[in-house]
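Please open the model in your viewer and keep the selection tool at hand. The stops below are given in the order in which they may be selected.

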Amino acid sequence: MERDRALPSQPNNSDPKNPKVIEWEDFEEELARLWSLSAALKEAKEKKQSLQQKLEALIQVDAESLSRLNVLDEMREKLEAKKQVMESMSMSSKLAKEDAKKQEDKLSVEVRSLLVAGTALSVARKRLQESNRLFSGEKGYGSLRNLQKRLRTRQQYMISQVSLLYPVKISVGPAQEQELELFPSSSQSGGSPGSKPAHQGSLTILGLHLSMLPFKKMSFFTDKREVQRSATALGYVAHAVSLIASYLNVHLRYRLRLGGSHSYIIDHAPSLEPTSSDLSSNTEISTTKKDVEFPLFLEGQDTTRAAYAVFLLNKDLEQLLNSVGVKSLGPRQILPNLKELLRTIQSADFRTT
């Protein structure tokens, strides 16, 4: 039979014109094999689909996890920012608490001081009432003299503190700077030459010499340190004069504006100003007074104005000397006059006029 005849076969699965020829005896076996392959292919497809579903689920879970991680990172950043804000607020609160504590302590100290001052004021008021009662009685004059004595003792003590604060001493060894004459033509108006103390150029105030040479002649070669030392010494003298005047209750003729080494002295200088009618006739002139400040230092100032300021300062010293009944040593003796004033006030026969 033709179907039993074996046909030559050249297997070529890829060529449809040359199909594979299977013998009848092998047909069932080949059919079973194809059926098995078909079942395996179907099973493989099912596994592939199952794996694809699982992979999609895993990818979705991974995406959700990544999204949640991003959200968690954002929340962590916000948490860190809030944590920093909380730390800053905590630090500010701590500083505010410490400041409040300091203010509370300061306020408590001030309250205690106020209580002490109130107590002292009450005691002083009682003493004042008692003093008024004594003054109105028969022994009022004796009490007055006692109070005057205590006042002089207190003034001497306060001015002794000024002398300790600004000591006027004779320097050891030869003086390097001397207090020169500012106004040679005024030598006749001051004290006699015999009243000028010895070694006046060697006097120092708080260890500083007072040199008047820059005030008389200022040049490019003038030692700047010498100018600064002189300004500092004049500032010391001005402060000492101001303190002594306040303790002695003396109103200075030439008031001082203290500023350390940049102090000023004020002069009530008269100025002549023409009135409106003076434009047509030269018969009426109004005289007014205004305060003019003169510097007790040379830095950036006119030497004439500075020298005049030193002259006015010595005038204040002369006023203080006159108030305690002592003559001035001269118009050019700043430190000697101050030393004489301190010596007189601290003496046993100190009296104010």
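Select Arg 343 and Glu 340: their side chains form a salt bridge with an N to O distance of 2.6 Å, a term that requires a side-chain nitrogen of Lys or Arg within 4 Å of a carboxyl oxygen of Asp or Glu. The two residues are 3 apart in helix H6 (residues 334–345), so about one helical turn separates them. Helices (H or I, at least four residues) and strands (E, at least two) are DSSP runs numbered from the N terminus. Arg 343 is partly exposed at 48% relative accessible area; buried means under 20%, exposed over 50% and partly exposed in between, with a 1.4 Å probe and protein chains only.

The model is predicted: local features need pLDDT of at least 70 and side-chain atom pairs count only at pLDDT 80 or more, while totals for chains, interfaces and linings use all residues. Residues are numbered from 1 along each chain as its sequence is written, and side-chain values use heavy atoms, leaving out hydrogens and water.

The whole structure holds 7 salt bridges. Next, select Arg 255 and Asp 291, another such pair, at 3.1 Å from N to O. This pair links distant parts of the chain, 36 residues apart: Arg 255 belongs to the loop between H4 and E4, and Asp 291 to strand E6 (residues 285–295). Arg 255 is partly exposed at 39%, and Asp 291 is partly exposed at 45%.

Move on to Arg 257 and Glu 293, whose closest N and O atoms are 2.8 Å apart in a salt bridge. Here Arg 257 of strand E4 is joined to Glu 293 of strand E6, again a link between distant parts of the chain, 36 residues apart. Both are partly exposed, Arg 257 at 38% and Glu 293 at 31%.

Now display helix H4 (residues 224–248). Its 25 residues reach 36 Å from first to last C-alpha, close to the expected 36 Å, which is 1.5 Å times one less than the number of residues. What follows H4? Asn 249 does, with a positive phi near 60°, in the loop between H4 and strand E4 (256–257). Most residues other than glycine have a negative phi. Asn 249 is exposed at 61% relative accessibility.

Leu 206 also has a positive phi, near 55°. Select this residue in the loop between strand E2 (203–205) and strand E3 (208–209); Leu 206 is partly exposed at 38%.
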